[in-house]
Amino acid sequence: MMLKRYHTIYPQNIFRAQIIFKNVAPSEDKWAEGVLCRDIEGRFSIVNRKVGHGEYALDSVYIDTLGLASGFKDGNEKDIFEGDIIRICRFAGAEAEILPPAPAEDDEELPPRKVYADVPEGSEELSQLDGVVFMNGGMFFVQFYDEASKCLNALPLYMFFGFDMLPAVGAAVKVIGNMYDDEELYSETLNLKKE
């Protein structure tokens, strides 16, 4: 038996891609997340960190579904990847829930602040933006359909996040799908109507 050699590609980055299921029924979770590898024949795999309990799997993946982790997390603390469709809502009100409580004198650290995937009850939604995450020039953006100009537009993703890479104060961020699993949602989000 000959062992295959794999070369890691950008080992410090986390990628996500759809798993290729050969001669096996697809599992519920058809996505692999982890380090990207390539064998000597040029086939791509991901050392899948989602197996759990300290176990990993080497899954062959469709390279055309590959997305890089942005480093940002939504209000449910779910990683945001290229190709994800996200909903960003700005809101006002419920300040007591937005700001963390002040630490007691003997506390060394600030308590974690609350983050939101949806607009909290009792708050007023100021704006909503649905868009698709992509990377360009080493920076992550959210592309969306701008109703005012009737064209596609993009904003830097960091605008909606705090220094801890979680949604900023007064912002609710939620991953609502991805462009590969739900083409209808993708088309609807970017107003790509086929006539």
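Serine 123 is buried, with a relative accessible area of 17%, where buried means under 20% relative accessible area, exposed over 50% and partly exposed in between (1.4 Å probe, protein chains only). Serine 123 lies in the loop between helix H1 (95-98) and strand E9; helices (H or I, at least four residues) and strands (E, at least two) are DSSP runs, numbered from the N terminus. From serine 123 to glycine 170 the C-alpha distance is 9.5 Å, although 47 residues separate them in sequence.

The model is predicted: local features need pLDDT of at least 70, side-chain atom pairs count only at pLDDT 80 or more, and totals for chains, interfaces and linings use all residues. Residues are numbered from 1 along each chain as its sequence is written, and side-chain values use heavy atoms, with hydrogens and water left out.

**Overall fold**

- The chain contains two helices and 12 strands.
- In sequence order, these elements follow the pattern β-β-β-β-β-β-β-β-α-β-β-β-β-α.
- Of the 195 residues in the chain, 34% are buried.
- Among contacts (heavy atoms within 4.5 Å) with a separation of 6 or more, 60% are between residues 24 or more positions apart.

- Strand E9 (residues 124-136) and strand E10 (residues 139-146) run antiparallel and are joined by five bridges; two strands pair if DSSP finds at least two bridges between them.
- Two residues separate E9 from E10 in a hairpin, and glycine 137 in the turn has a positive phi of about 60°.
- E10 also pairs with strand E11 (residues 151-156), in the antiparallel sense and over six bridges.
- The hairpin of E10 and E11 has four residues between the strands.
- Valine 142 of E10 stands opposite valine 133 and also opposite leucine 155 in E11.

**The largest nonpolar core**

- A nonpolar core is a set of buried Ala, Val, Leu, Ile, Met, Phe, Trp, Tyr and Cys residues joined through side-chain atoms within 4.5 Å.
- The largest such core has 22 residues, of which Ile46, Ile80, Ile86, Ile88, Val142, Leu157 and Phe161 touch the most other members.
- Strand E2 (15-18), E3, strand E6 (67-73), strand E8 (84-92), E9, E10 and E12 each supply at least two residues of this core.
- E10 gives the most to this core, with three residues.
- Leaving aside neighbours within four places in sequence, valine 142 is in contact with residues including Ile86, Ile88, Leu129, Phe134, Leu155, Leu157 and Phe160.
- In soluble globular proteins, nonpolar side chains tend to be buried together.

**The largest pocket**

- On a 1 Å grid over the protein atoms alone, a pocket is an open set of points with protein on both sides within 12 Å along at least five of seven lines, a cavity is a set where a 1.4 Å probe fits but cannot get out, and lining residues have an atom within 4 Å of a point.
- The largest pocket holds about 180 Å³ of space; grid points are joined across faces, edges and corners, and a volume is the space filled by probe spheres set on the points.
- Its lining has 13 residues, with Arg16, Trp31, Lys78, Asp84 and Asn178 nearest the centre.
- Strand E3 (31-39), strand E7 (79-81) and strand E12 (171-178) each supply at least two lining residues, and E12 gives the most, with three.
- By class, this lining has three nonpolar, two polar and eight charged residues; Ala, Val, Leu, Ile, Met, Phe, Trp, Tyr, Cys and Pro count as nonpolar, Asp, Glu, Lys and Arg as charged, and the others, Gly among them, as polar.

**The largest cavity**

- The count comes to one cavity of 30 Å³ or more, and the largest cavity has about 40 Å³ of space.
- Ten residues line the largest cavity, and Lys114, Tyr116, Ala168, Val169 and Gly170 are the closest to its centre.
- Seven nonpolar, one polar and two charged residues make up the lining of the largest cavity.

- Most residues other than glycine have a negative phi, and most peptide bonds are trans.
- Lysine 150 has a positive phi near 60°; this residue is in the loop between E10 and E11 and counts as exposed, at 54% relative accessibility.
- Asparagine 191 has a positive phi of about 55°; this residue is in the segment after helix H2 (183-189) and is partly exposed, with a relative accessible area of 26%.
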